[in-house]
Amino acid sequence: MKTGRNDPCPCGSGQKYKHCCGSVASAESLIGLLGSGQAPEAERLAAQMLVGRADEGLLWKILGVAQMRQQKDALPALRRAAELLPQDTESRSNLVDELINFGNRLRAQGKRREALAALQEAVTRSPTRPDAH
């Protein structure tokens, strides 16, 4: 069930949804946090906002970027963003970047089979990107 604009915000803030997680400015403020090097706070707020807005690709994208900047596992968030925003080139690029990074980390750990799977997914998603090969 979708949260109404005048309903209490599902994040638990006590505010109306339209003044909290339902605010258009909220996504912009998260991007501002990322731009000012506050990835942990952007991650925390994006995760909170997703409680009531699980189908908003932009929030998944922000969450994934915040996790990437902290060198956390961003693949689930980036996959969801790419799924919800199929025409967004940046979402697809972020996912491919993280697949390449993940594959390289696995290879360095000697996990060749897992590394190959991640890198093959990167090539499948972006066959013309030379760094995916």
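Within helix 4 of this predicted model, Arg80 and Glu83 lie three residues apart, which is about one turn of the helix. An α-helix has 3.6 residues a turn, so residues three or four places apart point the same way. The side chains of Arg80 and Glu83 meet in a salt bridge, with 2.5 Å from N to O. Glu83 counts as exposed because its relative accessibility is 53%, and the cut-off for that word is over 50%.

Arg80 has a further partner, for Asp55 also forms a salt bridge with Arg80, and here the closest N and O atoms are 2.8 Å apart. Asp55 lies in the loop between helix 2 and helix 3, while Arg80 belongs to helix 4, so this pair ties together parts that are 25 residues apart in sequence. Asp55, with a relative accessibility of 60%, counts as exposed. Through salt bridges that share partners, Asp55, Arg80 and Glu83 are joined into one network.

Arg79 counts as partly exposed, at 32% relative accessibility. A search of the whole structure finds ten salt bridges, and the table sets out some of them.

| Salt bridge | N to O distance |
|---|---|
| Asp55 and Arg80 | 2.8 Å |
| Arg80 and Glu83 | 2.5 Å |

**The buried face of helix 4**

Which residues of helix 4 are buried? In this helix, which covers residues 75-84, they are Leu75, Ala77, Leu78, Ala81 and Ala82. Seen down the axis of helix 4, these buried residues fall within an arc of 165°, so they line one face of the helix. What covers the buried residues of helix 4 includes helix 3 (57-69) and helix 5 (89-108).

A residue of helix 5 shows this covering in detail, namely Ser91. Ser91 counts as buried because its relative accessibility is 2%, where the cut-off is under 20%. Leaving aside residues up to four places away in sequence, Ser91 touches Lys61, Ala81, Ala82 and Leu85, and among these Ala81 and Ala82 are buried residues of helix 4. The side chain of Ser91 is also joined to that of Asp88 by a polar contact of 2.5 Å.

Leu30 has its place in helix 1 and is buried, with a relative accessible area of 1%. Not counting residues up to four places away in sequence, Leu30 touches Ala42, Leu45, Ala46, Met49, Leu59 and Ile62.

When residues up to four places away in sequence are left out, Glu43 touches Leu63, Ala66, Gln67, Gln70 and Lys72.

**The chain as a whole**

The protein chain has six helices and zero strands, and from the N terminus on its elements run α-α-α-α-α-α. Along its principal axes, the C-alpha trace of the chain spans about 50 × 25 × 25 Å. Of the 133 residues of the chain, 38% count as buried. The accessible surface comes to about 7900 Å², and 52% of it belongs to carbon and sulfur atoms. Among contacts between residues at least 6 apart in sequence, 40% join residues at least 24 apart.

Where in the protein chain is confidence lowest, and where is it highest? Confidence is lowest in helix 1 (residues 24-35), with a mean pLDDT of 82, and highest in helix 4, at 96. Over the protein chain the average pLDDT is 89, and 92% of the residues score at least 70.

Technical notes: Residues numbered from 1 in each chain as written. Predicted model: local features only at pLDDT ≥ 70, side-chain atom pairs only at ≥ 80, totals over all residues. Heavy atoms only, no water. Buried < 20%, exposed > 50% of the residue type's maximum accessible area, 1.4 Å probe, protein only. Helix = DSSP H or I, 4+ residues; strand = E, 2+ residues; numbered from the N terminus. Arc of directions from axis to C-beta. Contact = heavy atoms within 4.5 Å. pLDDT = per-residue confidence, 0-100. Polar contact = N/O pair within 3.5 Å; in protein donor to acceptor, adjacent residues only side chain to side chain. Areas by Shrake-Rupley, 256 points an atom, 1.4 Å probe, with all protein chains shown as cover. Salt bridge = Lys/Arg side-chain N within 4 Å of Asp/Glu carboxyl O.
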